[in-house]
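Trainee: Could you take me closely through one part of this model, from its partners to its surroundings?

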Amino acid sequence: MSSAQPLLEVKGIVAGYGSVEVLHQVSLEVREGEIVSLIGGNGAGKSTTLMCTSGVVPLRAGEIWFAGKRIAQAGSGVRADLLVPMGLVQVPEGRRIFPRMTVLENLMMGAYTRNDPAGIAKDLEHVYQLFDILKTRSSQLGGTLSGGEQQMLAIGRAIMSRPRLLMMDEPSMGIAPLLVARIFEAVRELNREGLTILLVEQNARAALKLSKRGYVLETGRVTLSDDADKLLVDPRVREAYLGD
Amino acid sequence: MLVSGHVPSRQLTAGVIAGFLGVGLATAILLTIALRINDVWSASIVELVAAQQLAMQQARAAAADGAAVAPIPFDWTESARRFITTLLGGGLAWSWLPMIAGFAVGASGRAVIWSRTRRTPDVVASAGVARTFQNIRLFPELSLVENVTVGMDRRLSTGFIGSLLALPSALRERAQARAEALKLLQFVGLGEKAEDAAGNLPYGHQRRLEIARALASRPDVILLDEPAAGMNPTETVDLMRLIRAIRDNGTTVVLIEHHMRVVMGISDRIHVLQYGEKIAEGTPTEIRNDPKCIEAYLGKEELG
Amino acid sequence: MKNHASHRLLRAAASLFALALPGLAASAAPADAYANSVKIVSSLPRTGSANAQTTSMVNGIKMAIAERGGKIGDVEIVYEDWDDASPQRGNWDPAVEAANADKAIADEAVLAYIGTYNSGASKISMPKLNSAGIVMVSPGNTYPGLTKAGFGEANEPAVYRPSGKINYFRVVPTDDVQGSVAADYAKELGATKAYVLHDRELYGKGIADVFKKSAEGLGIQIVGFDGIDNKASNYKSLATKIKQSGADLVYFGGTTQTNAGQLAKDIVASGLKAKLLVPDGCFEEAFISAAGAKALEGRCFITFGGVEAKALTGKGKDFYENYKKTYGGEPEGYAVYGYESANVVLAAMERIHKAGGKLDRASVLAEVGKTKDFAGALGVWSFDENGDTTNRTMSVNTVKDGKFTTVKVVQ
Amino acid sequence: MTETEVFFQQVIIGLSNGMIIALVALGYTMVYGIVELINFAHGDVFTLGGFLALTIIGALGAAAIIDPSTLGDSSNWMLLVGLVLASGVFCGALNMSIDRVVYKPLRRASKLTQLVAAIGVSFILVNIAQFWGGLPMEVFNDGVSATAPKDFPDVLDWQTNLLGEDSAIALRVEDVAIFAITIPLMVGLTLFVKKTRLGRGMRATAQNPVAARLMGIDTDRVISATFAIGGFLAGAASVMYAVFNNSITYQQMGFRAGMDAFTAAVLGGIGSLPGAMLGGVLIGLIRAMSDQYIETRWTNVVVFGVLILILVFRPSGLLGLKQREKV
Amino acid sequence: MAARFASFARGQLIALGALALVPLLDLALPAAGMESLQLAGASRSVVVFAILAIGLNIVIGWTGLLNLGIAAFQAIGAYAFAILTWENYPFQIGFWPALVAAALIGALAGALLGAPTLRLRGDYLAIVTLGFGEIVQETLKNVEVVTQGTKGINPLPAPFGLTSDRAILWFYAYLAILVVVVYLCRNLEFSRMGRQWFAVREDELAARCMGIEPDKAKLKAFAAGSALAAVSGALYAAALGSTAEPASYGFEISILALCIVIVGGIGSITGVLVGAMVMLGITDVLLPLASDKLQDAGIGSTANVFSSPNNYKYLPAPGRPRCSTPSPVSTSRPRDACWSRAMCPAGSSPPA
C-alpha cells in the first residue's frame with residue numbers, strides 16, 4: 001500500500017508563538033493510504049504541528065513537503081487557502097464549525113474551493129451516508145448541535161473538500177465513549193476507501209489501535225516512532241500514555 | 001431689559017436642589033430596576049433555558065412511547081453529600097453542570113438544591129458551590145496567589161471605603177488572605193510559583209490552580225468539569241489523589257468526566273444521563289455492568 | 001512595529017525640540033533691548049474654521065503697524081500674532097486663551113492685547129488682563145454683557161473688571177444694536193410672523209435673543225424659537241415645522257460655520273416662501289458658497305455692523321485699496337476692524353510719544369480710553385463710558401447675482 | 001399644512017435621510033462583522049467620497065454642467081452615475097488601503113489598540129478633509145476657507161414634487177431616487193452575502209476565521225473585499241448625500257453623519273446587515289419626529305437616549321446576535 | 001506582589017517628582033537669559049488630565065470596560081463645581097466642599113450611566129458612553145437656566161485665593177491633590193476592590209463563579225472613575241476660572257484621556273502619569289512651540305496646518321499588550337469578551 005514517495009513529509013520544523021518555541025526539530029512522514037497517529041501529552045506540540053502543516057502557523061526552520069511539492073519552509077509558505085485544493089485538509093481541534101450557518105451550509109463551506117457541482121453532490125451523499133444524523137439535521141444551525149454531532153459535521157465538512165490527506169486533531173475530545181467509537185469507526189471506513197489520515201489523539205490506545213504507524217511527541221520533539229502495534233506494546237508508551 | 005434666562009436666586013436654589021434630589025431618586029430607582037433586569041434578562045440564562053427546552057422537546061419527540069421525561073433527575077440532598085458523584089452523559093450532559101452551577105434554571109425551576117430565587121452564578125457561589133471549567137478559565141494576568149485570593153472573595157469583608165483608605169482592618173485581612181492563599185497553593189503543589197502570572201503556567205498546573213482557586217472559597221460542594229482532560233496518565237493519577245483528598249477534607253465533589261479510568265476509579269456514585277433524562281444511577285461497578293448504560297453511553301467496547 | 005513608529009515619532013519630537021532651542025535662545029537674546037521696543041499682541045483663533053476671517057484681521061493689524069514704519073518715535077513696535085485656538089479643539093480654546101493672557105501679563109513688553117474674536121474667550125482673559133492693567137481692544141466681540149449691564153448675568157460687566165477700572169474696548173457695535181436693527185428691518189420687510197433660530201453658541205444665541213425681544217416689541221409675532229444642531233446633515237424636517245407654523249420670516253442667529261448655508265438651502269427647498277434674515281456672522285463669501293447663490297438671491301438679508309469693505313469711504317476706502325494691493329485679495333468683513341483696533345492703540349501711543357510720556361501699560365491704557373472723535377477707517381467715532389464704540393453704522397445687505405449688495409445703511 | 005400632512009411629510013424626510021444613514025451604516029456593520037473592529041474612519045471615508053465628487057464636478061467646470069438649460073439632458077444622468085461609481089471606487093480603494101496599511105498589521109493586537117488606531121486614522125482623514133475641502137476652489141467663488149461648507153450643485157432637477165406642485169406634502173424626485181438607488185443596493189448586498197461564493201466566504205470568516213482558512217478561504221482577500229465593498233457603499237452614499245442635501249462639509253459629514261451611521265449600526269445590532277438597514281431608517285425617523293414634535297435642539301439627546309434605552313433591553317441591538325456564553 | 005507593590009510605588013514617586021520639578025524651569029530659564037516656556041500652566045494641565053486619565057484607567061485598564069465618554073463626567077464635575085461656587089448662585093460653598101460635592105455628583109452620574117448598561121459588551125458599551133458624552137454636552141447647552149448654555153459659568157473665584165500670576169504655587173496645590181489621588185488609587189489597586197476589578201476584567205464568568213458580583217464591581221469602577229473625572233473637571237474649571245462652554249468636554253478630550261492611558265501602558269498608574277506628561281507635553285508645549293517657530297520662519301500657513309485640529313492623535317498607540325503571546329488560534333471564547341490588558345483569550349496556552 002505504501003509508495004516510495006511519502007505523501008506528507010515534515011522535515012525538522014521549528015515553530016512557536018511569541019517568545020515561546022513549541023516545536024524543536026520535528027520530523028515525520030505520512031505515506032499514501034496510511035493512518036498515522038501522533039500522540040503525546042498536552043503541550044507537546046501536536047496541534048502546532050498540524051497548524052504548521054495547514055499553513056496557519058509560520059515555520060521558523062525546517063520545511064514541509066506535500067505530494068512532491070514543498071509547501072512551507074522558514075520565512076515562506078504556501079498560503080493556507082491553496083493547500084485545500086491540493087488535498088491537504090484539517091479537522092481542527094474543538095471542531096470550529098460555523099455556528100450561524102446551517103449544517104448543509106457548513107458542509108458546503110468545505111467545498112468552497114471546488115467547482116464541480118456533480119462531484120460536490122456526490123460527496124454530499126457520501127457524507128450523509130457516513131453520518132446519517134447530519135442529513136436529518138441539515139437545515140439546523142451548526143451551533144445547536146451537540147458536541148459529538150459537531151465533530152461529525154467537522155469531519156463531514158473536511159471530506160467535502162475531497163482531501164488526499166485528512167489531518168484530524170483530537171476528534172474524541174469531550175465526547176461520550178459511544179460517539180467516540182462511532183467516529184473512530186468512520187475514520188476506519190474512510191481509510192478503507194483510500195483516504196490517508198494523520199490522527200492527533202489524547203486517547204493513545206484507541207488511536208494506535210486504528211493506525212498503521214505512530215509518532216510520540218514530547219515537549220516539541222519526536223521521541224519515538226514505530227509501527228502502531230509495536231508502540232502499543234512498548235513499555236515506555238504503555239507507562240506514559242496508556243496508563244498500564 | 002434684555003435678560004437672557006435669568007431667574008431669581010431663590011427659585012434657582014429650589015430648582016437645583018430639586019434637580020439633585022430628582023436625579024438621586026432616579027438613580028436609585030434605575031439602579032434597582034437595572035440590577036433586577038440584569039438578573040432576569042441575563043442573556044446566558046435565557047439562552048441556556050431555551051437550549052434546554054429544545055433538548056427536552058427533542059428528547060420527548062424521540063421517545064417513541066411518549067413517556068414523560070423527568071425534568072429533575074437528581075435528588076442531591078440525600079445521595080450526594082460527602083461523595084464524589086460523577087455525571088456521565090451523552091447528548092446534553094454538558095449543559096447540566098452549568099445548570100447546577102447556576103447558569104440556568106431547569107425547566108421546572110427547581111432543579112437546584114438551593115432554594116434561592118436568584119440563581120446567578122455569584123449567588124450560587126456564595127451559597128457554597130465552587131467550580132472549575134472544562135476549558136480552563138483563570139485570570140491569566142494575575143499572579144497565582146492573586147488568583148487564589150479572588151477565589152476567597154466571598155469570605156472577605158473589606159468594602160470599598162476600607163479598600164480606598166487602606167484601613168487597618170483591610171490591611172490585616174489582606175495579609176491573612178495572602179497567607180491562606182499561599183497555604184492552598186502548597187496543598188495543590190504550586191507553592192513555589194506563587195508570584196508567577198497564571199497565564200504562563202503549563203497546562204497541568206493551570207488545572208491545579210483552578211482547583212486551588214475553587215477550594216479557596218471553602219465550598220460545601222465543588223464541581224469539577226472534565227478535570228482530567230488533556231492530562232497524561234501520571235498527571236491523572238495525581239489528580240485522582242487530589243480529588244480524593246478534597247473529599248476527605250469534607251467537601252462534596254461533583255464531577256463531569258469522560259475519562260473512564262478517572263470515573264471508574266474515584267466515583268462513589270455515578271449518574272448516567274441521556275438527553276436530560278437519568279437512565280441509571282449507582283456505584284461504578286453497577287454502572288459498568290448496566291446493559292442500558294453500555295448501550296447508551298459506554299458502547300460495546302469500553303474505551304480508554 | 002508600532003513601537004518603532006512611536007520611537008520614531010518621539011525622536012522626531014525630540015529633534016524638533018532640539019531645533020527649537022537655538023531659536024528660543026536667539027529670540028531671547030536681545031533681552032535688554034526691550035527698552036527700545038514694545039509689543040502689541042493679538043489673540044485670535046488662527047487654527048480651524050475661523051482662519052479666513054482672522055488671517056484677514058491679522059493682515060489689517062500688520063498694515064496698521066507697517067503704515068507707521070513699525071515705529072513710534074524711536075520705539076520699535078513688535079507685533080506677535082497669537083493663536084487662541086488649540087489643536088485639540090480646532091476652535092478657540094479656553095485653556096489657550098487663559099494661557100495667552102497669562103503670557104501677556106508675564107511679558108512686560110506687552111502693552112496692548114488685541115483680541116479676542118470670540119466673546120467667550122474675552123470672558124476668560126478680561127479679568128486677568130484687567131487686574132494687570134493691560135489695555136484690550138477687541139475687533140470682533142459683540143456680546144453686550146462684556147461691557148454693558150443688563151444683558152447677561154447680574155454681575156456683568158463688573159465681574160470682568162476686578163480692578164474697578166475699564167481696560168476693555170471694542171471697535172465693533174454690539175449685538176443689541178445689530179439685533180434691533182435686524183428687527184426694524186424685519187418690520188420694514190412686512191414680516192408679521194417670525195420663526196427665530198439660533199446655533200446655541202454665545203454669539204448666535206445672544207443676537208437671536210435680542211432680535212426676539214425687539215421684534216416682539218415691534219409687534220411681530222414670534223411663532224417659534226429653537227436652537228439647531230449645527231452639525232446636522234440637513235434641516236428638512238425643521239423647515240417643515242417652520243412651514244407649518246406659517247412664518248413669513250426666519251431669523252437665524254448664527255454663522256456660516258454653524259451651518260447657516262445648509263439651513264438657508266433647506267428652507268428654500270421645502271418650498272417655504274419666507275424671507276431669511278441673518279447677522280454679520282454670515283457676512284462672508286463663504287456663506288454664499290455654502291448656501292449656493294440661488295438659495296439666497298433676493299430673499300436673504302444680512303445685517304452687518306458697518307458696511308462692506310468695498311463700500312467704505314474716506315480712510316476706509318484707502319484701507320480697502322491698500323489691502324487689495326498688499327495682500328492681493330478681497331478683505332473679509334472683519335479685516336477693517338483688525339486694522340482699526342491696531343490703529344486706535346497706535347494712535348494712543350503716538351499721542352503719548354508726542355506729549356513726551358513714557359510708553360507703559362498704564363499710560364497706554366489711559367490714553368486709549370481717552371480716544372475721542374477718532375477719524376479712522378470706520379469714520380469718526382469715540383469710545384463711550386463703557387468702552388464701546390459710538391460708531392453704530394449698520395448695513396443691511398442682500399445677495400444679488402451671487403454677490404453681497406448693500407440695500408440699506410443705518411446710522 | 002394639517003397635522004396629518006405634516007406627519008407624512010416628516011415620515012418621508014425621515015425615511016430618505018434614514019436610507020442614506022443605512023447605506024453608510026452597512027459599511028460599519030460589515031467591517032465589524034468580519035474583523036470585530038469599529039472602523040471609526042468609515043465616516044471620514046464617506047466624507048472624502050463626497051469631496052471627490054465635488055472636485056470632479058469642479059474640474060469638469062460646474063457652470064457648464066449645472067446650467068439649468070441642460071437639465072434633463074442624459075449627460076447629467078451619466079454624470080451622476082459616473083460620480084457614484086467614481087466615489088464608490090475611490091472610497092472602496094481608500095478603505096481597503098487603510099485596512100492594508102493600518103489595520104492588517106494590528107490584526108492580532110489588542111482590540112483597544114485597533115480601536116485607537118481606527119480613531120487615529122479617522123482624525124488623519126478629518127485633517128485631509130479640512131485641507132482638501134472639495135478643491136478646486138476657484139470654481140466656487142475663489143478659494144475661501146477649505147473648512148467652510150460648500151454648495152453641491154443639483155446635478156439633476158430632482159426638486160419636482162411628484163404629488164403635484166400645489167400638494168402640501170412634498171414627495172420629490174430626489175426622495176424617490178434615494179429609495180430607488182439604496183434599496184436595490186441593499187437587496188443586492190444581502191443576496192451577495194447569502195448566495196455568492198465570496199459572500200459565503202465572508203460569513204465563514206466572520207464566524208470563525210481559522211476554520212475559514214482551513215476550508216481554503218483566503219481570509220485576507222475576503223477581509224480586503226469586505227473593506228472595499230463597505231467603502232464602495234460609503235462612496236455611493238456620499239454622492240447620494242451630497243445630491244440630496246446639496247452640500248459638502250467635513251463636520252456635517254464626517255462627524256455627524258458618521259456618528260449617525262455608527263449609532264444606526266449598533267442600534268440594529270452591529271454585525272447584522274438587516275440590522276444596519278433597520279437602524280438607519282429608525283435613526284432617520286427618530287430625528288425627523290424629534291425635530292417636529294420635540295425641539296430640534298433636543299434631537300441628538302433623543303437619538304442617543306433611544307439608543308441607550310433600546311440597548312438596555314436588547315443588549316445586542318434590535319437584530320443583533322446574542323452572545324452565547326460558553327462554559 | 002510585594003515586589004510589584006514596591007516597584008510601582010517607586011515608579012510613581014519618580015513620575016510625580018519629575019512632574020514637580022518641571023515648572024521650576026519657569027524660574028530657571030529666564031534666569032539663564034532664555035524665554036520662559038510658561039510650563040507652570042502646562043504642568044497644571046498635566047495634573048488635571050492625569051487625574052482624568054487615572055479615573056479612566058480604573059474603568060478601562062482595571063475593569064476592562066471601554067468608556068469613550070469620560071469627558072462627559074469631567075463636564076459634570078466642572079459644572080457641579082461651578083454651580084456650587086459661582087457668585088451669582090446662592091450656594092458658594094467654597095473650594096473644598098465643592099470639590100468633594102463634584103466628586104460625589106460625578107460618582108452618582110457614573111452610577112446612573114453604569115447601572116442600566118452594565119450588561120453591554122465592549123463595543124456596545126463604547127457607543128453608549130460615546131452617546132452619553134453627546135447627551136451631556138447637548139443637555140448642558142440646552143438647560144441654559146442652570147448652566148448658562150454656551151456662555152459657560154464664569155468667572156469662578158480662584159481657589160486658595162491664588163491669582164493667575166502665581167501659577168507655580170497653584171500648580172503645587174494641584175500636585176498635592178494628585179498625590180492624594182494616586183495614593184488612594186494605589187490602595188484600591190492592591191485591595192480586595194482592585195482584585196475584584198481585575199478578575200472581572202480577565203474573565204467575568206469565572207469571577208462570577210468565585211462569588212464576585214460583576215455588576216456591583218463594575219458599578220463601583222464606573223462610579224470611582226467618574227468621580228475622579230469629575231474632580232478633574234472641577235480642577236479644570238477652577239484653574240480656568242470658568243467652565244468654558246460645553247463643547248470643551250467633547251469626544252476629543254475623551255480620546256486624549258484614552259491616549260494618555262494607553263501611551264504610558266494601560267493599567268498602570270505610573271504609566272498614566274508618564275502618559276499625561278508625554279501627551280500634554282506634545283499638545284501644550286511642543287506643538288505650539290513648533291507652530292510658533294514655523295510661523296516666525298514665515299511659513300505661517302504651514303504652521304497653521306501643523307497645529308491643525310487633533311494632531312496629537314496621529315501618535316500610534318504603543319499599546320503594550322502584556323499578554324504578549326498572540327496565539328493565532330483563538331479559542332472558543334467570544335472574541336469581544338476581553339478588552340484591555342488581557343486581550344488574549346484566557347489560558348491561551350498555545351495549541352499542542
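Mentor: Start with strand S14 of chain C and its neighbour, strand S15 (residues 403-410) of chain C: the two run antiparallel and are joined by seven bridges. Strands here are DSSP runs of E, at least two residues long, and helices are runs of H or I, at least four residues long, both numbered from the N terminus. Two strands pair if DSSP finds at least two bridges between them. This is a predicted model, in which local features need pLDDT of at least 70, side-chain atom pairs count only at pLDDT 80 or more, and totals for chains, interfaces and linings use all residues. Residues are numbered from 1 along each chain as its sequence is written, chains are lettered from A and ligands numbered from 1 in the order written, and side-chain values use heavy atoms, without hydrogens or water.

Look at the turn next. S14(C) and S15(C) form a hairpin with two residues between the strands. There, C:Asp401 takes a positive phi near 50°. Within the strands, C:Thr398 stands opposite C:Thr405 in S15(C).

S14(C) has another partner. Strand S11 (residues 300-304) of chain C runs antiparallel to S14(C), with four bridges joining them. Find C:Thr398 again: C:Phe301 stands opposite this residue.

What surrounds the strand? S14 of chain C spans residues 394-400, and six of its seven residues are buried (under 20% relative accessible area; exposed is over 50%, partly exposed in between, with a 1.4 Å probe and protein chains only). The strand is therefore largely enclosed by the rest of the structure.

For another case, turn to chain D. D:Tyr293 is found in helix H11 (residues 273-293) of chain D. Its relative accessibility is 41%, so D:Tyr293 counts as partly exposed.

Now for strand pairing in chain A. Five strands of chain A form an open sheet, with antiparallel pairing. Read the order as S2-S1-S4-S5-S6. At the edges lie strand S2 (20-30) and strand S6 (76-77) of chain A, and each pairs on one side only. Inside the order, strand S1 (residues 8-17) and strand S4 (residues 61-66) of chain A pair in the antiparallel sense over five bridges. Pick out A:Lys11: this residue stands opposite A:Glu63 in S4(A). Strands of a sheet pair through backbone hydrogen bonds, either parallel or antiparallel.
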